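Here is my note on the structure, for you to read beside the view. Please follow the points in order.

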Amino acid sequence: MPTVQVSVVTPDGKVYDGAVDMVVVRTLEGELGILPNHIPLVAPLTVGAVRLNKGTTVEKVAVTGGFVEVRPDQVTILAEAAELPSDIDVDRAREAEQRAKQRIDSAKSDEIDFKRAQLALKRAMNRLDVAGK
C-alpha cells in the first residue's frame, strides 16, 4: 500500500517524521483526511489531535494551530506547538485545564479574557485527550 511522508514541525524543531497510510487533521473548516497522492492544498489548523494511521495502529500528535501543506507524496504540518503523547506532562495539563475553567468563570464580563480562557481550555483538553487521560 502506498504511504505519504509526514513531518510535524514547530518553531522549536521537528516533532514527528515518518511514513503513514493516512493523516487526519482538524482544519478551521472541519476534519480533513489525507491519503497518498492527495491534491495539493494549504489549510489553517485549529487546536486538535493529528491522527497518523499506519496499518492498524493510530498515533496522535497534539497540535495547537498552524497550517497543513499537502503535496501528493508529502504532508507538512507547521504548528505553533505540537506534542507527542509521551512528551505531555499530564499533571501540568490538568492544572492548565483547571486554571482555564476558573478563568472562564471569572472572565464572563470581559470578552477578550473569556476567549483566551476558552482557547487555553481547548489546548489543555486536547493535550489530555492525546495523552489518553
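Predicted model: local features only at pLDDT ≥ 70, side-chain atom pairs only at ≥ 80, totals over all residues.

1. How many bridges join E7 to strand E8? The count is nine, and the two strands run antiparallel. E8 covers residues 74–83. A hairpin of two residues leads from E7 to E8.

2. Next, the pairing of E6 with E7. Strand E6 spans residues 48–54. Seven bridges hold E6 and E7 together in the antiparallel sense. Lysine 54 stands opposite threonine 57 in E7. Here too there is a hairpin, with two residues between the strands. Look at glycine 55 in that turn: its phi is positive, about 60 degrees.

3. E7 has a further partner to check. Strand E5, residues 41–45, is joined to E7, residues 57–71, by five bridges. These strands are antiparallel. Proline 44 faces phenylalanine 67 of E7 across the pairing.

4. Now the surface. Val42, Phe67 and Leu78 make up a nonpolar patch there. Together they have about 300 Å² of accessible area. Valine 42 belongs to strand E5. Is valine 42 buried or exposed? Valine 42 counts as exposed, because its relative accessibility is 60% and the cut-off for exposed is over 50%.

5. There is a positive patch as well. Its members are Arg92, Arg99, Arg103, Arg116 and Arg123. Helix H1 (90–106) and helix H2 (111–131) supply at least two residues each. Which helix gives the most? H1 does, with three residues. Arginine 103 lies in H1. Its relative accessible area is 36%, so arginine 103 is partly exposed.

6. Turn to the salt bridges. The count comes to eight. One of them joins the side chains of glutamate 83 and arginine 127, at 2.6 Å from N to O. This pair links distant parts of the chain: glutamate 83 is in strand E8, arginine 127 is in helix H2, and 44 residues separate them. Both glutamate 83 and arginine 127 are buried.

7. Lysine 101 and glutamate 97 meet at 3.7 Å, N to O. Both lie in helix H1, four residues apart, or about one turn of the helix. Lysine 101 is partly exposed, with a relative accessible area of 36%. Glutamate 97 counts as buried because its relative accessibility is 14%, and buried means under 20%.

8. Last, glutamate 31. This residue sits in strand E4, residues 30–34. Glutamate 31 forms a salt bridge with arginine 26, and the closest N and O atoms are 3.7 Å apart. Glutamate 31 is partly exposed at 47% relative accessible area. Arginine 26 is also partly exposed, at 36%. What about glycine 48, which is 17 residues away from glutamate 31 along the chain? The C-alpha atoms of glutamate 31 and glycine 48 are separated by 9.6 Å.

How values were computed. Residues numbered from 1 in each chain as written. Heavy atoms only, no water. Patch = residues over 30% accessible without salt bridge, like charges linked within 9 Å, V, L, I, M, F, W, Y side chains within 5 Å. Areas by Shrake-Rupley, 256 points an atom, 1.4 Å probe, with all protein chains shown as cover. Salt bridge = Lys/Arg side-chain N within 4 Å of Asp/Glu carboxyl O. Lys, Arg positive; Asp, Glu negative; His and termini not counted. Charge placed at Lys NZ, Arg CZ, Asp CG, Glu CD. Buried < 20%, exposed > 50% of the residue type's maximum accessible area, 1.4 Å probe, protein only. Pairing = 2+ DSSP bridges.
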